[in-house]
Amino acid sequence: MDSKMKLVREMEMNMEEIEQISVKYRSEDIIFYPSPNDMFLFKEYMNINDEKYYSKILKEGNSIQIETCELQIETRERDKSFLSLLVLDFNVLLEIYVPKEFHGVIRTEGTNGDMRSKLKQEFSAFYAKATSGDIKIDLITAKDIDLQVSSGDIKVKQIEGNMMVSASSGDINITELNGTGCVKVSSGDIRIGVAQAQENLTFSASSGSINIEELNGTGCVKTSSGALKVILGKVKGAIEIHSTSGSLSLGIPKNLNATLTASIGSGVFHKNFDSKLVKTIDKTPKRQVMIFGNGEEANIEVSATSGTMNIYQK
């Protein structure tokens, strides 16, 4: 925290009957922490203490609602340069402490600030949306997850549930993933550490690369314009991996039991694995069908429209 930031307000609330925490913020940074007790705790920091810019906090029905105040300062024409300096130097940080017994809905919507969460409990739903700012989460487990940024990055250490994680212009970086849904970028890169993909989990990039260090389970990985690199782990069911314009690299384990169909358009097909572990049942210059092991646990479709394809044994 900036040394100029000072605690200007602190509030505590009872969480009895509360089912949702909602936060609307602008250029402020928001951090969620586990509460040290069973109470909801709110702390507001500013580098310039001004009560008229304090956030609004309302406990209504079964929800706690927080909304930050828009910075509006009237000034004469000749003072506009001073106003610009003041606006640029005015900073607010909100710390929100949530009891570990709360398992309801977390909902945040921001404009320019960053949202960070260090919460560890499971929620019924977790929704975070930012126009121009980053979303950073240590751990998120929820039945319904929706993380969206228009211009910014999403970084999650661990995520589990039915998810929609999307960035219009920015990167998505997830260390560990377990669930269903969709992870997608329009212009940016996707980097995944270990993915335990359940049914109907899709990774897609319109203009950018995808790198999955270990893909387990089932799923679909697609890039329109960008490199695609996937290393398979324990796969089962249907796996689809497709690159429209860009290189495709697929690593397969030695104990793979799957039928793999590789198709390529205008590009070069490279393969580097022990020929004793595979049986080719159909082969043309642009398409090969190969059986690894008994070929029964997974059906893998790999295709590249324009670009090189490399399938290798890890």
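Mentor: Let us start with Lys118, which counts as partly exposed because its relative accessibility is 36%; here buried means under 20% relative accessible area, exposed means over 50%, and partly exposed lies in between, with a 1.4 Å probe and protein chains only. Before going further, keep in mind that this is a predicted model, in which local features need pLDDT of at least 70, side-chain atom pairs count only at pLDDT 80 or more, and totals for chains, interfaces and linings use all residues. Residues are numbered from 1 along each chain as its sequence is written, and side-chain values use heavy atoms, with hydrogens and water left out.

The partner of Lys118 is Asp138, and the closest N and O atoms of this salt bridge are 3.5 Å apart, where a salt bridge is a side-chain nitrogen of Lys or Arg within 4 Å of a carboxyl oxygen of Asp or Glu.

A second pair joins Asp171 to Arg191, with 3.7 Å between the closest N and O atoms. Asp171 is in the loop between strand S12 (154–169) and strand S13 (172–187) and Arg191 is in strand S14 (residues 190–207), so this bridge ties together parts that are 20 residues apart in sequence. Both residues are partly exposed, Asp171 at 24% relative accessibility and Arg191 at 35%.

The structure holds seven salt bridges, and one of them is between the side chains of Glu44 and Arg9, at 2.8 Å from N to O. Here too, distant parts of the chain are linked, for Glu44 is in strand S4 (residues 39–46) and Arg9 in strand S1 (residues 6–14), 35 residues apart. Glu44 counts as buried because its relative accessibility is 0%, and Arg9, at 18%, counts as buried as well. As a general point, side chains of opposite charge can pair when their charged atoms come close.

How values were computed
Helix = DSSP H or I, 4+ residues; strand = E, 2+ residues; numbered from the N terminus.
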